[in-house]
Amino acid sequence: SLSNIDLIGFHGQTIFHNANEKISKQLGDANLLSALLKKKVVYNFRENDMLNGGQGAPLVPIFHQLLVNQNKINLPVCILNIGGIANITIVSSKDFNDLKSYDIGPGNCLLDEWIRNNNGERFDKNGELAKTGKTDEIILNQAIDNFDSIKDNNKLSFDVKDFDLNFVRGLSLEDGLSTLTNFTATIIYQSIFNSINLSKDEKLNILICGGGRKNLSLLDSINSKLSSKMKLTLIDDFKINGDFVESQAFAYIAIRSYLKKVISFPKTTNVNKPCSGGVLIENY
C-alpha cells in the first residue's frame, strides 16, 4: 500500500535527449506528484551527469551489477536491454568502477514505427509477421555499412529520433519487418562482439530484458549470429521479471540519490568522475 512507501523514483517519459547539447527532457511533473501522493520524489536523474561531462545515459548499469551480484551469475555477463533503444551493460567484476555500458542503437523503435506506419498496429506480436517476410540482403548490407560509418565512437546514448526508416521504404510490410529485424539483430550482435574480448575458453552469458525479448524473430536472428561461447538467456530464467528491470532500477537509483551515493561512472556515461544525480522534491 501507499503508506509503506517512503520514496518515489520518478524518471518520466523521455521526449528529447541530446547529450552534446546537455539536454534531456522527460514528461512528468515531480512537484505535482509529490503534492498528490504526499511523498518524497526523486527525479531529474540525468542532468548532473551531463553537467559533469557525461552523456546522461545509460544509468541502469549499477542495478544490473546488483542483480548479477545478488544472483551469483557467472562473470563476465552482458545484460542486453531491448526497449525502443537497445543498450548493453558488461559486468566483468564486482566493482562498480569496472562497469561498461552504452546504447547500441535501435531496439524496437524501427520495428514498431514500421508497423504503425503500415498497418496501424503498435508492434509485431512475437515477431510473427517478420517471419513471413523475406530480408532484402542488398538493402540490409548497405544499411549496416551506413550505420557503421555514421556511428560516433564517443556516442554512448541515443534518442529514437536518431534513426529513420528511409532505407526500407518501398518494401512490403513483411519484407520490411524481416529486413529491419535482421538489421537490428546485426547491430546488436556486432556491438556485443566488439565490446568484449573473450579469452580462449571464456564463456559469455548474455541476459536479455526489456520488451524486445518477446520478439522471437529478433531473438532467433541474434542467436543465429552468436558464437558457441556466447549464450543468450532470458533474464526471467534467473527469477528476475524482465518487464520491470528498468522501473526497479530507477527505484534503486532514487534510493542511492537520496543517500547521496554515486549513480554513474566514467565507463558507463563517460562522466569525468563517478557522479551522483537526481533532485529530491518534498512538496507537501
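Predicted model: local features only at pLDDT ≥ 70, side-chain atom pairs only at ≥ 80, totals over all residues.
Student: How many of the 284 residues count as buried, as a percentage, and what makes a residue buried?

Tutor: A residue is called buried when its relative accessible area is under 20%. Of the 284 residues of the chain, 47% count as buried.

Student: How do you know what radius of gyration a compact globule would have, and what does the chain have?

Tutor: The globule rule takes 2.2 Å times the number of residues to the power 0.38. With 284 residues, the rule gives a value near 19 Å; the chain has 19 Å, and therefore agrees with a compact globule. Along the principal axes, its C-alpha atoms fill a box of roughly 55 × 45 × 40 Å.

Student: Which share of the contacts between residues at least 6 apart joins residues at least 24 apart in sequence?

Tutor: That share is 72%. A contact here requires heavy atoms within 4.5 Å.

Student: Why are strands E2 and E3 called paired?

Tutor: Two strands pair if at least two bridges are found between them. Strand E2 (residues 13-18) and strand E3 (residues 23-27) are joined by five bridges, so they count as paired, and they run antiparallel. Asn18 has Ile23 in E3 as its bridge partner. Four residues lie between the strands of this hairpin, where Lys22 takes a positive phi near 55°.

Student: How many helices and strands does the chain have?

Tutor: The chain has 10 helices and 10 strands.

Notes
Residues numbered from 1 in each chain as written. Heavy atoms only, no water. Helix = DSSP H or I, 4+ residues; strand = E, 2+ residues; numbered from the N terminus. Buried < 20%, exposed > 50% of the residue type's maximum accessible area, 1.4 Å probe, protein only.
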